[in-house]
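This note concerns the aromatic side chains and the charged groups placed over them. Please read the numbered points with the structure in view.

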Amino acid sequence: MNLPPALARHISPETRFRELSGPFRLESGAIVDSPVVAYRTWGQPNRDASNAVLVCHALTGSADVDAWWAGMLGPGRALDPERDFVVCSNVLGGCYGTSGPLSPSPGGNGRLGSDFPRVTVRDMVHLQARLLDALGIERLSLVIGPSLGGMQALEWAACYPERVEAIAPIGVSARHSAWCIGISEAQRQAIQRDPAWLDGHYPEDAPPRQGMAVARMMAMVSYRSWDNLDSRFGRDRASDDLFQVESYLRYQGDKLVDRFDAVAYVRLTQAMDSHDLGRGRGELEAVLAGIRQPALVVSVSSDVLYPPHEQLQLAEHMPAARYEVLDTPHGHDGFLIDLEELGSLVADFRRDPAPARKAVAG
């Protein structure tokens, strides 16, 4: 895929691109013809590829696990390429090489933009399954991911129970809450009310920068915690008329504009809002009870976006779940920061996936 230079430089040269033949039907009924999947691998499959581990990334992540989860990947770590065949693909609807809004429009006249249809987390998982089929991987020893990645891990267990031996959803819920949907919609409105939006079609050199920056600033507040921002910035000032926390948020907003596409951001937040394990399957508790694979369910103790009671719900109803807490002051993003502790939880689970303690609701 011919990506804008500002985005292409964020894709590792080791990324591979696989075009999957034939049409790919979304839950909505829309068709993506011959979808392309950008992916990376580490390690080698064993004789029957039974050592495959699928890592699923979060909202603005990519297939570059070695960049955003470096403390989890490597010799002797929770994800060990000397033992595991680790696979990670950029999600459907993203902007790092997999089919999405930056895909060329029919006839090659520009990009699809908002003409790329809405997708769901299940669509993402079904496309990953097509990729794994093409790679000759029939079973996964583990599906692991945080946030949006955790949604994918849960959907893998529900959609393909015969292919998944264990899952590790981190900092995620069984269904997207009104709280999360509201935060996402506020971000989308910031993007879509930017004058440059123009119904999701804009020149590569003129994206809706202001709207994207504001959306990221909103997101960053929800990704951190009161303690994290207060201890880091307090009421310190960057200048006479600017608090340090304001400067930090502006920096984070401007940085995302340079590495992410606005329509992809809208489509992926909409996909996250679609997340509901019970949708079309029955009562949520019964669906969770049907997920019988060993599961490591991890709460981030200071997470205000997906608070621990949501992971407790998962662990209480999944019969083979182990519940653990990543004790961190950093908020939702603790799964990207406290990697030694998280890695230890995952490594312990992989050595012995039996539930260590059962969650108690309340």
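1. A charge is said to sit over a ring if NZ of Lys or CZ of Arg is within 6 Å of the ring centre and within 35 degrees of the ring normal. In this predicted model, the charged end of R237 sits over the ring of F243, at 4.1 Å from its centre.

2. Six aromatic pairs are present in the structure. In one of them, the ring centres of Y96 and F260 are 5.8 Å apart and the planes meet at 85°; planes over 60 degrees apart count as edge-to-face, so this pair is classed that way.

3. The pair of Y96 and F260 joins distant parts of the chain, the two residues being 164 residues apart. Y96 belongs to the loop between β6 (85-89) and α3 (121-135), whereas F260 belongs to the loop between α8 (244-257) and α9 (262-273). Both Y96 and F260 are buried.

4. Y96 and F260 are also members of a cluster, in which ring pairs link them with Y265.

5. A further aromatic pair is formed by W156 and Y160, with 5.0 Å from centre to centre. The angle between their planes is 45°, and the pair is tilted.

6. Are W156 and Y160 buried or exposed? W156 has a relative accessibility of 0% and therefore counts as buried. Y160, with a relative accessible area of 16%, is buried as well, because the cut-off is under 20%.

Key
Residues numbered from 1 in each chain as written. Predicted model: local features only at pLDDT ≥ 70, side-chain atom pairs only at ≥ 80, totals over all residues. Heavy atoms only, no water. Phe/Tyr/Trp six-rings, centres within 6.5 Å; stacked < 30°, edge-to-face > 60°. Helix = DSSP H or I, 4+ residues; strand = E, 2+ residues; numbered from the N terminus. Buried < 20%, exposed > 50% of the residue type's maximum accessible area, 1.4 Å probe, protein only.
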